[in-house]
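Subject: Structure for your files

Hello,

Here is the structure I said I would send. My notes are below it.

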Amino acid sequence: MINTRVSTYSLIAVLLLSGTTVSAHGRMSRAVQFYFDVSKSSRLFESDNIERSKELIERVVCDFKSSDDQFRLLAIHANTGTSSPILNMSGPNCVGSMIDYKIKEDWKNNLSPIIEKKLNLSYRKEVGYKTNIYPIIRKIQRQNRGNNETEVFIVSDMIHDYGDEDFAKDLLGVTKTQVVDMAENKVQQLAIAGSLNGVVVNIRIPGTISGITQHESIRENLDIYWTHFFKATGASVDIDML
């Protein structure tokens, strides 16, 4: 019995020293960030992309177990680096009894209208003219802080267009090798190699059933770029349509 207690206390001490977040319920807590690209190029507000985004959020957070689990909604636009979260929300406030099922159900039922309202917020027209993606790395780092249950969902066309960079032009007609070099060089330039170890990054691309003509010639290079970019930060990456 004494050895078991010592082992348990030792494990807790190691987790605390490593910065890993353990919930009061004895499990790893979840920290999920959703980034939504509200710039004009992303097509987020076209077709049924808002409804798909809402379904994505609900599907990901529906199995939150307690208030230790948290998620954020954040915007991508010209001023990504200085924009505040759209929504900060904790999971259901369970009490460790038979009524937890009802508490979780009520939490999920109340979630839908909140998310719908937040996804349909209005933004100043000028912030939609540019797409500034790189600042989200700093925001992910802030919430990660050693928690290996950090998940990130980015709903965007991923066409970074800010400062002296314009991926619609920069990635046009270049080879795969060149694209990989560009991604890895950018990670080095930003000094973020290995900074997202353990983070799971899911990129979901909004679109329409007719496709987007302007994106056809660069879509493959965009996927290559961001796959190698995030892998160089230590994150795992999955890219798919919304």
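Predicted model: local features only at pLDDT ≥ 70, side-chain atom pairs only at ≥ 80, totals over all residues.

Residues are numbered from 1 along each chain as its sequence is written, and side-chain values use heavy atoms, with hydrogens and water left out.

Helix α6 spans residues 176-190 and reaches 21 Å from first to last C-alpha, close to the 21 Å expected at 1.5 Å a residue (the expected span is 1.5 Å times one less than the number of residues; helices are DSSP runs of H or I, at least four residues, and strands are runs of E, at least two, numbered from the N terminus). Its buried residues are Val 179, Val 180, Ala 183, Lys 186 and Val 187 (buried is under 20% relative accessible area, exposed over 50%, partly exposed in between, with a 1.4 Å probe and protein chains only). They fall within an arc of 125° seen down the axis of α6, so they line one face (the arc is that of the directions from the helix axis to the C-beta atoms). The face turned away from them carries the exposed Thr 177, Asn 185, Gln 188 and Gln 189. Cover for the buried residues includes β6 (165-166) and α8 (219-232). Just after α6, Ala 191 has a positive phi of about 55°.

Ala 75, in strand β2 (residues 70-76), is buried at 3% relative accessible area. Beyond four places in sequence, its contacts (heavy atoms within 4.5 Å) include Phe 36, Val 38 and Tyr 123.

Arg 204 lies in strand β7 (residues 200-205) and is buried at 14%.

Regards
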